[in-house]
Structures are given as C-alpha cells and as structure tokens.
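Grab a pencil and have the structure open beside you.

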Amino acid sequence: MTPTPYGDGTRVLLAGQPAAVAGEPFLPGPVFAAPYHLGPDATGTRYYARNDNPTWSAYEAALEALEGGPAVVFPSGMAAVSAVLWSVLRPGDRVVVPSDGYYQVRSTLAADLPWLEVTEVPTPEITALARAGDLPPAALVLLESPSNPRLDVCDLAVVSAAVHAAGGLVAVDNTLATPLAQRPLDFGVDFSVASDTKAMSGHSDLLLGHVACREATMADRLRGFRTRSGVVPGPFEVWLAHRSLGTLDVRLRRQADNAAALVERLRGHRAVSSLRYPWLAGDPSYDLAARQMLRPVGVISFELADADAVARLLAASRLLAAATSFGGLHTTVDRRAQFGDRVPPGFVRVSCGCEDAVDLVADLGAALDSVAVVG
Ligand SMILES: *Cc1c(COP(=O)(O)O)cnc(C)c1O
C-alpha cells in the first residue's frame, strides 16, 4: 500500500472529482436517464441506466480512492449487505453474523434466505474464537466493527486470516467508522460494506449504501447482481452523497470532538452506567481501536435506569433529538431496545452532531441532572 500524499480533508475533496475544465462545474450534476442514445448498436456504449450511470461511476471512483478497492453503490445499507449475501452464498452455505449487530441483517436472513445456515456470534467473542481456530467454518463471516450499537471492535487481520484459512470470505460492516476511520480491505477483508445513509452522506436526508471489494472480480459480481436484481440507487441521492463527501473529514472531526466533550460530562454521572466509547482509555475496545483505526468518530453509548429515564432526558433537553440512525449533523439519541436490539430498555446510542461542544455539554448535563433528581 503506497502511503497517500494528502491528508483526509484534501482526499475527500478530491475523491472522484473530474479534472478541472474551464467553464465546467467542480462536481457535474446528477445524470437522469433510463435509456441512453445508442450508436449503430449497443456494443461499447452506455445503453440503459439499470446497468450504469455516470453519477454512480463518479461516486464509486471516490469510494475506491478512500476504501482502497473497487466499490459498488447500492440504494441503501441493507441493499449493500443483501447484495453480498445474495452474491456470495448458495443454499446450504453457512454464514456467521454478529448476534449484536444491525438487526435487519438477522431479519432478512430469517425471512428471505431460509436456505442458509446462520450462526450468530457475539462481537466481543469473535476475535478470540478466530485466534483459537474455533470460528465455525463458513462461506461468509460478516463482522460489524465497531459494532452498532455496543461499539465493540474485532481484530480484522486475525479474523480475516482465520476465515481465509478455512476457505471462507469476510465482510465488515464499516458504517460506524467510514473509510476515514478504518480501511477494512487493508487488513485482508474481502468486502467493506457500509450504510452511506449515516456519516458518509451525513445530512439525514437520504438512504444509500456501498460495498468496496478486495478483488475486482467480486466487484463485477456485485455489479452483475445490481443490474439483474434492479436494486439500483437514484442518481440524485448518489450525487447528494458525493457532494456531502467533501465535508466528511470536517464533520467527523467535529463529531469526535463533541463526543470527547460529552464523554467527559457523562463519566461518573450518577444517572449513567455502562458508558462506552472506544477512544476512552479503559474501554474494552480501546486497545484494538487505537491499533486498527485511523481516528475517533462521534458515536457513544450508555445506559440510563429504564425507558422512562430516557424519555425524561429527551423531554428535559433542547438539543438532543430523538431519532434513529447516526452520523448526521444533529446530535441524536436512540433508545435501541425499541427497534429490537438485544440491549436493556434504558440503553441509548448517542450520535454527536456538529453543534458547539459547549452548548451540547450544557444541554446534556442539565438534562442528565434532572433525570438523576427525579429518578
Ligand atoms: C443503518 C445501518 C445499516 C442499514 O443501512 P440502511 O441505509 O438503513 O439500509 C446497516 N448496518 C449498520 C451498522 C447500520 O447502522
């Protein structure tokens, strides 16, 4: 891997941008098309927009520059995960998934892919199992690292080596990190999968996803699946995501700074337990995150006493928005048990936004104090 000459702020600005041409825009607008004009016949020309679209290609070039492998864009994070499942697995194959990962992955395996053997493993146990050679042999091992919502980290190199030795492939859901904070392909992972609905696009205004691949043949396979299945993104969403990518470095930096400030306020607060932030010394993810990840991001989790305490926190706050999803401009609080995550009722994931830290700390601090008084 040749070191990139530029910093993250420069890299996201340049990613997938065309060469400067006088009189042309920096980022050409979305191309809206169904069929394209044909030449004398269909050979060698773009002919139908389910196959390809120049707006997709520009964003995919940006993703490839950031991920370090060819990328394929999908209409949502779940579409990206599904594309990997449907492209890689055949009836009777075993797939290992995190028992504590994104819940819809388990749902779609149960409801839509009943011919697969599914083994669930808790994220905190995956690295040790791989190291001991005790991971169940599988055609595909899907990791989430850091996991959502509990923020546990897997050793990607260790797991990749073990799975490859057993003849399987490895996919990592890299949504929480984004390729600025973690490049899974650098550790031998076959598929870096992400919901670009989250920090990648970052404005809470679209759904999108992508898969970056270690091998070009795998990207071709996913592209073929996209064309045949018709699971294709709209060009406007893809263009918005590409436009938003230019500020990814700035947004992540601000979100991580805000997370660090909130963690300071949350630590030791009497209403708060089980505070998790991988960049907090002493966190179970701290050592691995420090070794494997490139920078901190802005998502933290903790527990309040119960669902009612979370409701009181939100009622007492002016800046914390109750919303699912994460990685957006606004600081959001999500009580994950209501969406079926296997977590206690008072467990919340907080996604730090781009507000001023001083305002957030004052707002959350006052809201927490009121929860502690009433509770
Ligand atoms: C949100 C999310 C998904 C699903 O993405 P959508 O864009 O909502 O389909 C998958 N994995 C993780 C870790 C997520 O946070």
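Contact, in what follows, means heavy atoms within 4.5 Å. You're looking at a predicted model, where local features need pLDDT of at least 70, side-chain atom pairs count only at pLDDT 80 or more, and totals for chains, interfaces and linings use all residues. Residues are numbered from 1 along each chain as its sequence is written, and side-chain values use heavy atoms, with hydrogens and water left out.

**Exercise 1.** Work out which residues R295 touches, not counting residues up to four places away in sequence.

Step 1: find the spot. R295 sits in the loop between α11 (286–292) and β9 (299–303). Helices (H or I, at least four residues) and strands (E, at least two) are DSSP runs, numbered from the N terminus.

Step 2: list the neighbours. They are D8, L180, A181, D249, L252, R253 and W279.

Step 3: look for polar contacts, meaning N or O atoms within 3.5 Å; within protein, one must be able to donate a hydrogen and the other to accept it, and residues adjacent in sequence count only if both atoms are side-chain atoms. The R295 side chain has one with the side chain of D8 at 2.7 Å, and another with that of D249 at 2.9 Å.

**Exercise 2.** How do α3 and α4 pack?

Step 1: take the geometry. α3 (residues 77–88) and α4 (residues 103–112) meet at about 45 degrees, with axes 11 Å apart. Axes are lines fitted to C-alpha atoms, for helices over the stretch in contact, and angles run from 0 to 180 degrees between N-to-C directions.

Step 2: name the arrangement. Under 35 degrees is roughly parallel, over 145 roughly antiparallel, 65 to 115 roughly perpendicular, and the rest oblique. So α3 and α4 are oblique to each other.

Step 3: pick out the residues. M78, V81, L85 and W86 of α3 meet Q104, V105, T108, L109 and D112 of α4. These split into six nonpolar, two polar and one charged. (Ala, Val, Leu, Ile, Met, Phe, Trp, Tyr, Cys and Pro count as nonpolar, Asp, Glu, Lys and Arg as charged, and the others, Gly among them, as polar.)

**Exercise 3.** Explore the loop between β4 (140–144) and α6, where S147 is found.

Step 1: check the prolines. P146 belongs to this loop, and the S145 to P146 peptide bond is cis, with omega near -10 degrees. P149 is in the loop as well, and the bond from N148 to P149 is cis, with omega near 15 degrees.

Step 2: With a relative accessible area of 0%, S147 is buried. Leaving aside neighbours within four places in sequence, S147 contacts T123, D152 and L176.

Step 3: finish with L151, also in this loop. L151 is not a glycine, but phi is positive, near 70 degrees. At 0% relative accessibility, L151 is buried.

Conventions
Buried means under 20% relative accessible area, exposed over 50%, partly exposed in between (1.4 Å probe, protein chains only).
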